[in-house]
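Reader: I would like to go through this model term by term, asking each time what a label rests on. Could you set each value beside its cut-off as we go?

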Amino acid sequence: LAYHPTIAQASQSLVVATSQLHESWAGYGPTVDASAGYSKSSATTSEDLSSGTTKDSYSASLNLDLTLFDFGRTPASARAAMERRIAAVESLRAARTSVAYGVRSAFLGLGKAQELCQVAEGAVRQYREHLDQVKAFAEVGRRIRYDVTKSEVDLGNAELDLITARSDQSNARAALNRSLGLAEEPGYRIAATVSEEFAGAVNDLMAKAREHHPELSVLRAQERAASASVDRAIADLYPNLGISAQYGGNGSDLPLAWNWSAGMHGALSLFTSWM
């Protein structure tokens, strides 16, 4: 849960969604800009090409812009960002659940493969002992050659089953390593586990799963985010009303002459393209 790459990716997606939510909240506040500049220019004219006169120019300003009303554009953007963050939270929970399920499933798979491998090893020992007995009986005339051949075939099949069981055990171990997010084989050993019993009727468990399953929660959050995006698109059809203020000064020498201005503004997109 701490280092699995799937969970790390989901965690970073949550960080991005949280940053986008904070960015959407910024639409409720003002925008403040400050600027300053200095320039030097020549003032040569066609009548006096050799004057070499230069002029300094200074400027500084402080601007404030605040949206008063945008017909729900900012609230819709914030609501969509909030739902996307909820979807990211549920995606992280789904990733954790999926990793935990994968580890448990792979753990039980490896335990099953180990038990089958032990059964196959026991079968090989039994068939080998049986073959030795049949050969001993055949030497004293109590068994025929067919019995020896059949015992050899049975032993060969048991050895083949053992090879398959060991291969399945190796595959199950690799599956567990992959589900754990391990890049190398650490050489661990697993112990037997007791299966858990879940109390409750099947319908009650299914209802609980539908209510709390993270992937379903992700889809519901994405649906709400899509609805908010539609509201945002509709709000774009209406004008944007706001106020702006400026305090600044400019001149060819210091100190500057400072002035201020303030006013209301409105903007409406009349035409962008045919698409």
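Reader: Which residues make up the largest nonpolar core?

Author: This is a predicted model, in which local features need pLDDT of at least 70 and side-chain atom pairs count only at pLDDT 80 or more, while totals for chains, interfaces and linings use all residues. Residues are numbered from 1 along each chain as its sequence is written, and side-chain values use heavy atoms, with hydrogens and water left out. The largest nonpolar core has ten residues, namely Cys117, Ala120, Val124, Leu131, Val134, Val148, Leu155, Ala158, Leu162 and Ala165. Helix H2 (residues 73-139) and helix H3 (145-180) each supply at least two residues of this core; helices (H or I, at least four residues) and strands (E, at least two) are DSSP runs, numbered from the N terminus.

Reader: What makes a set of residues a nonpolar core?

Author: The term stands for buried Ala, Val, Leu, Ile, Met, Phe, Trp, Tyr and Cys residues that are joined through side-chain atoms within 4.5 Å. Buried means under 20% relative accessible area, exposed means over 50%, and partly exposed lies in between, with a 1.4 Å probe and protein chains only. In soluble globular proteins, nonpolar side chains tend to be buried together.

Reader: Which residues does valine 148 contact, leaving aside its neighbours within four places in sequence?

Author: Valine 148 is in contact (heavy atoms within 4.5 Å) with Leu131, Val134, Lys135 and Ala138.

Reader: Why is lysine 40 said to form a salt bridge with aspartate 56?

Author: A salt bridge requires a side-chain nitrogen of Lys or Arg within 4 Å of a carboxyl oxygen of Asp or Glu. The closest N and O atoms of lysine 40 and aspartate 56 are 3.0 Å apart, so the pair qualifies. This pair links distant parts of the chain, with lysine 40 in strand E1 (residues 31-42) and aspartate 56 in strand E2, 16 residues apart. Lysine 40 is called exposed because its relative accessible area is 52%, whereas aspartate 56, at 23%, is partly exposed.

Reader: How do you know that glutamate 121 and arginine 166 meet in a salt bridge?

Author: The N to O distance between their side chains is 3.7 Å, which is within the 4 Å limit, and the pair therefore counts. Glutamate 121 belongs to helix H2 and arginine 166 to helix H3, 45 residues apart. Both fall in the partly exposed class, glutamate 121 with a relative accessible area of 27% and arginine 166 with 45%.

Reader: Which other pair links helix H3 to helix H2?

Author: Glutamate 159 in helix H3 and arginine 128 in helix H2 are 31 residues apart, and their side chains meet in a salt bridge at 3.2 Å, N to O. Glutamate 159 is partly exposed at 32% relative accessibility, and arginine 128 is partly exposed at 37%. A search of the whole structure finds ten salt bridges, and those that share partners join Arg73, Arg232 and Asp236 into one network.

Reader: Why is arginine 73 called buried?

Author: Its relative accessibility is 13%, which is under the 20% cut-off, so arginine 73 counts as buried. Not counting residues up to four places away in sequence, arginine 73 touches Arg232, Ala235, Asp236, Tyr238, Pro239 and Asn240. A polar atom of the arginine 73 side chain lies 3.1 Å from the backbone oxygen of tyrosine 238.

Reader: Which residues make the nonpolar surface patch?

Author: The patch, of about 910 Å², is made by Leu68, Phe69, Phe71, Val230, Ile234, Leu237, Tyr238, Leu241 and Met264. Strand E2 (54-69) and helix H5 (214-235) are the elements that give two or more residues to the patch. Patch residues have over 30% relative accessible area and no salt bridge, with like charges joined within 9 Å and nonpolar side chains (Val, Leu, Ile, Met, Phe, Trp, Tyr) within 5 Å. Accessible areas come from the Shrake-Rupley method with a 1.4 Å probe, and for residues only the protein chains shown count as cover.

Reader: Why does phenylalanine 69 count as partly exposed?

Author: Phenylalanine 69 has 43% relative accessibility, a value between the 20% and 50% cut-offs, and therefore counts as partly exposed. Phenylalanine 69 is found in strand E2, whereas phenylalanine 71 is found in the loop between E2 and H2. Phenylalanine 71 is partly exposed at 35%, and has a positive phi of about 60° although it is not a glycine.

Conventions. Polar contact = N/O pair within 3.5 Å; in protein donor to acceptor, adjacent residues only side chain to side chain.
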